[in-house]
Amino acid sequence: TAAGVNKKCAGCHTNVWASFQKPHRHKLPEGAMACTNCHNPHGSVLARNIRTANAAEPGCFACHSDKRGPFLFEHAPVRDNCANCHTPHGSNQHALLVAPIPMLCQQCHSHVRHPNDLFTSTSLRSGSAPDERLMARGCITCHAQVHGSNHPSGPRLHK
């Protein structure tokens, strides 16, 4: 069973198991999936015994097929590797993101196309100088289709 496999893996990989205790995570502790869905316990030529060279093909897309596309307008990091933006085990950020939005977006997109200030933690709702553009969901309030879009306004990943 998935729960049995996970318990065996967690015996040695305590730091990874601790990631699954974070608020946003895959449903591994509940037994909805097993470590072996992504890792080959008997070894692999890839780092960390990952089953595929790219998390996107077919790894993450095996379950998250809606993010695969094809999209007329693709967001290049999605095509490259899901781990550019997401951490596979667990995160304190929504959707297993590696950093909060907009800080994650600003790692690649800074001062382009429309006036956008460099946001810091002080710009967040809980910060000392909250910015109204970050009150809801930051960049993804307008740029909602971050994985890709087929909509005519897609180059900006709006719809």
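1. Let's start with Ser149, which sits in strand 4, covering residues 148-149. Strands here are DSSP runs (E, at least two residues), helices are runs of H or I with at least four, and both are numbered from the N terminus. Ser149 is buried, at a relative accessible area of 2%; buried means under 20%, exposed over 50%, and partly exposed in between, with a 1.4 Å probe and protein chains only. Its side chain reaches the backbone nitrogen of His151 at 3.0 Å.

2. A word on the source before going on. This is a predicted model, where local features need pLDDT of at least 70 and side-chain atom pairs count only at pLDDT 80 or more, while totals for chains, interfaces and linings use all residues. Residues are numbered from 1 along each chain as its sequence is written, and side-chain values use heavy atoms, with hydrogens and water left out.

3. Now the overall layout. The chain has 4 helices and 4 strands, and along the sequence they run α-α-β-β-α-β-α-β. Of its 159 residues, 25% count as buried.

4. How many aromatic pairs does the structure hold? There is 1, made by Trp17 and Phe20: their ring centres are 6.1 Å apart and the planes meet at 50°, so the pair is tilted. For reference, rings of Phe, Tyr and Trp (its six-membered ring) pair if their centres lie within 6.5 Å; planes under 30 degrees apart are stacked, over 60 edge-to-face, and the rest tilted. Phe20 is buried at 4% relative accessible area, whereas Trp17 is partly exposed at 28%.

5. The largest nonpolar core has 6 residues: Leu97, Ala99, Ile101, Leu104, Cys105 and Ile140. Such a core is a set of buried Ala, Val, Leu, Ile, Met, Phe, Trp, Tyr and Cys residues joined through side-chain atoms within 4.5 Å. Leaving aside residues up to four places away in sequence, Leu104 touches Asn84, Cys85, Leu97, Val98 and Ala99; contact means heavy atoms within 4.5 Å.

6. Then the cysteines. The structure holds 0 disulfides, a disulfide being a pair of cysteine sulfur atoms within 2.5 Å. Cys85 is in no disulfide either, with the nearest cysteine sulfur, that of Cys108, 7.1 Å away. Cys35 is buried at 17%, while Cys85 is partly exposed at 23%.

How values were computed
Polar contact = N/O pair within 3.5 Å; in protein donor to acceptor, adjacent residues only side chain to side chain.
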